[in-house]
Amino acid sequence: MKSAVALRSADRPYAVAIIGAGFAGIGAAAALAQAGVDDFVILERADDVGGVWRDNTYPGARCDVPSALYSYSYLPNPNWSDRFSSQPEIHAYLRGAIDELGLAAKLHTGCQVTEARWDSKDLVWAVTLGDGTEVSTRLLIVGSGAMNEPATPRIAGLDEFSGQVFHSARWPATFDPAGRRIGVIGTGASAVQLVPEIAASAAHMAVFQRTAPWIVARGDRAIPRWLRQIHDRVPGSLSTTRGANFIRRELMTGAFTKSNRLLSLIEVAGRRHLARQVSDEHLRAQVTPTFRAGCKRIILSDDWYPTLARNNVELVTDPIHHVTTDGVVTASGAAHDLDTIVMATGFHVQRRLILSAIIGAQGASMASTMVRTAPSAYLGSTVPGFPNLILMTGPNTGLANNSMILMIESQARYAADMARYLQANAEVALDVKQAVMDDFTAELTARLDRSVWATGGCASWYQDAHGRVTALWPGTTTEFRRRTRQISLPDYTVVSGFSE
Ligand code: NAP
């Protein structure tokens with residue numbers, strides 16, 4: 001899969017370099033190719049493409065957006081096996097996309113970007129890779145993702161534990177749960193998928209819950225062969241399914257951001273689901289959420305509650321106090337002896353490590369710039385002082401109820417439009433105006449302050465350290481698409497170089 005073409009030396013800048021070959025990076029590459037920008041390169045740190053869908057190999061990993069919608073609009077796949085696709089199928093889809101979109105020659109795997117520094121004289125990004133190789137590029141597209149850095153809590157004594165500890169996103173291929181005493185910390189989307197998959201073979205499982213999530217029925221089902229054949233052969237059939245899913249999800253946006261009435265219906269559905277699946281009063285009380293549905297991500301599952309009710313599974317709601325050589329001790333002093341601890345504890349979404357490696361026009365990193373302000377970017381994409389740079393899946397581009405691929409396609413088109421402009425205007429760079437970004441941030445803050453993500457009574461990865469919702473987009477994907485249709489030049493300062 002690695003390109004047979006060598007990287008060019010830094011004195012011959014690429015028109016565009018893309019960091020990352022997950023959905024965002026591949027999507028950006030596809031948009032560039034479609035816009036007629038051919039001089040680009042994809043720098044991927046791993047030895048394979050796929051991003052989160054390469055990394056999250058835990059048992060049961062599966063998407064919670066229907067497959068027909070969780071794919072590129074220009075690369076429909078009639079062969080999905082299930083309504084909600086599994087990790088191996090999505091990973092295979094992305095690997096296939098590299099070939100189908102003709103990107104293999106552009107892809108350089110094993111290339112970790114350790115620094116990208118803006119050169120105000122030559123108007124290029126000087127990019128350094130892990131092995132010391134240097135390349136340069138006029139436009140830098142950062143597609144390294146929001147959920148690629150596992151967050152592992154610092155728990156006292158964790159280093160003393162004599163058993164195995166790993167994060168859900170770093171699942172060891174050889175791990176066999178059979179006969180083991182396994183502790184899982186966390187009850188987010190990852191835990192809810194993996195615990196039911198391993199509980200039957202484990203000797204004992206302790207699930208450490210800090211906050212009970214809202215769970216509604218998943219209703220997954222296999223897509224029968226005849227239907228797949230129809231999707232393959234009847235023009236418009238797959239896009240009709242995609243369209244129906246899209247419209248349903250777009251219409252739900254207002255429930256999260258404006259009126260909470262629809263969320264009350266989701267809460268009714270969640271309580272019914274719980275009542276149907278859990279008869280034990282004590283367990284029911286333990287897993288009943290104490291915040292508004294939607295404040296955290298709503299989780300789809302048909303087997304989470306029945307798994308917690310198993311004889312060999314114990315739900316622990318007493319807070320974790322410390323870890324010993326033998327296992328976890330909770331605040332009440334209860335000891336839970338374990339062989340394995342699985343950290344299903346999420347990701348560093350708010351502070352991406354790559355941002356520390358991007359040094360802008362003022363000589364400061366993007367991470368330090370975003371520490372001083374809230375994590376923000378104009379249209380989730382551009383940051384003042386970091387010219388010719390697009391952050392894919394940047395601040396406020398996340399979604400609670402729709403497919404991220406829709407946002408990625410919009411951003412990719414925006415990036416391609418910038419690339420096209422730079423191709424036509426050789427000696428300039430585009431730097432978003434601070435006032436434009438400030439107005440945009442103020443607008444989003446006002447909208448997000450009313451949303452259930454801010455008012456629903458929970459803490460989540462949607463929020464920054466001050467409780468501001470900096471991860472999510474407050475509107476429909478249609479609105480985002482409209483606003484990112486093309487670069488609006490008045491939003492940008494056109495910077496000229498100082499080349500002698
Ligand atoms: P997450 O939603 O951030 O959940 C992390 C869990 O770990 C939470 O239950 C959290 O408790 C708990 N936790 C964190 N630190 C802890 C500590 N010190 N002590 C005890 N518990 C602690 O992470 P995730 O489950 O990996 O999911 C992240 C996101 O990835 C999802 O929201 C979703 O967007 C995506 N995802 C999607 C799918 C899918 O498509 N089905 C599957 C997996 C992941 P609190 O709630 O109290 O903070």
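Biologist: Over the face of which residue does K106 lie, and at what distance from the ring centre?

Modeller: K106 lies over the face of F40, at 4.8 Å from the ring centre. The general idea: a charge sits over a ring if NZ of Lys or CZ of Arg is within 6 Å of the ring centre and within 35 degrees of the ring normal. R8 gives another case, with its charged end over the ring of Y14, 4.2 Å from the centre. Bear in mind that this is a predicted model, where local features need pLDDT of at least 70 and side-chain atom pairs pLDDT 80 or more, while totals for chains, interfaces and linings use all residues. Residues are numbered from 1 along each chain as its sequence is written, and side-chain values use heavy atoms, leaving out hydrogens and water.

Biologist: How many aromatic pairs are there?

Modeller: Rings of Phe, Tyr and Trp (its six-membered ring) pair if their centres lie within 6.5 Å; planes under 30 degrees apart are stacked, over 60 edge-to-face, and the rest tilted. That rule gives 16 aromatic pairs here. Y72 and Y74 make a stacked one, 5.2 Å centre to centre with 10° between the planes. Ring pairs also link F23, W53, Y70, Y72, Y74, W80 and Y93 into a cluster.

Biologist: Is Y72 buried or exposed?

Modeller: Buried is under 20% relative accessible area, exposed over 50%, partly exposed in between (1.4 Å probe, protein chains only). Y72 is buried because its relative accessibility is 0%, whereas Y74, at 38%, is partly exposed.
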